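Dear colleague,

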Amino acid sequence: LLGAMAARVIAKIEGLDELGLANTAWAFAKLELENFSLFEAVGCHAQQRIANFTTQNLANMVWSLARLGLVQRSLLSSIQEQALRKMS
């Protein structure tokens, strides 16, 4: 069932805003569901919109990746840069 949900999210990922991307990552990580295709899609779209993420969205994305032990260097770098911008 959750695999089907992940596939549906991937198919509709263009319609998710920044909060939707962060909440999706958080929800799957909270349930400890490692769906690499989903996190790849979420990460790709998150990077494109990273400038619009709130600090909470950034924190949720980092927490999600850490919770599942996923390493998305490019996304983490973008999150770091955006977090530093928000602090200055």
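Contact here means heavy atoms within 4.5 Å. This is a predicted model, in which local features need pLDDT of at least 70 and side-chain atom pairs count only at pLDDT 80 or more, while totals for chains, interfaces and linings use all residues. Residues are numbered from 1 along each chain as its sequence is written, and side-chain values use heavy atoms, with hydrogens and water left out.

Val-42 sits in helix H3 (residues 36-49), helices being DSSP runs of H or I with at least four residues, numbered from the N terminus. Leaving aside neighbours within four places in sequence, Val-42 is in contact with Ile-13, Leu-21, Thr-24, Ala-25 and Met-61. Val-42 is buried, at a relative accessible area of 1% (buried means under 20%, exposed over 50% and partly exposed in between, with a 1.4 Å probe and protein chains only).

The whole structure contains 2 salt bridges, a salt bridge being a side-chain nitrogen of Lys or Arg within 4 Å of a carboxyl oxygen of Asp or Glu. In one, Arg-67 pairs with Glu-32, with the closest N and O atoms 2.5 Å apart; because Arg-67 lies in helix H4 (residues 55-68) and Glu-32 in the loop between H2 and H3, the pair ties together parts that are 35 residues apart in sequence. Glu-32 also has a positive phi of about 55°, although it is not a glycine.

Arg-85 and Glu-81 form a salt bridge as well, at 3.9 Å from N to O, and they are 4 residues apart in helix H5 (residues 73-87), which means a separation of about one helical turn. Arg-85 is partly exposed at 49%, as is Glu-81 at 42%.

Best regards

Definitions and conventions. Helix = DSSP H or I, 4+ residues; strand = E, 2+ residues; numbered from the N terminus.
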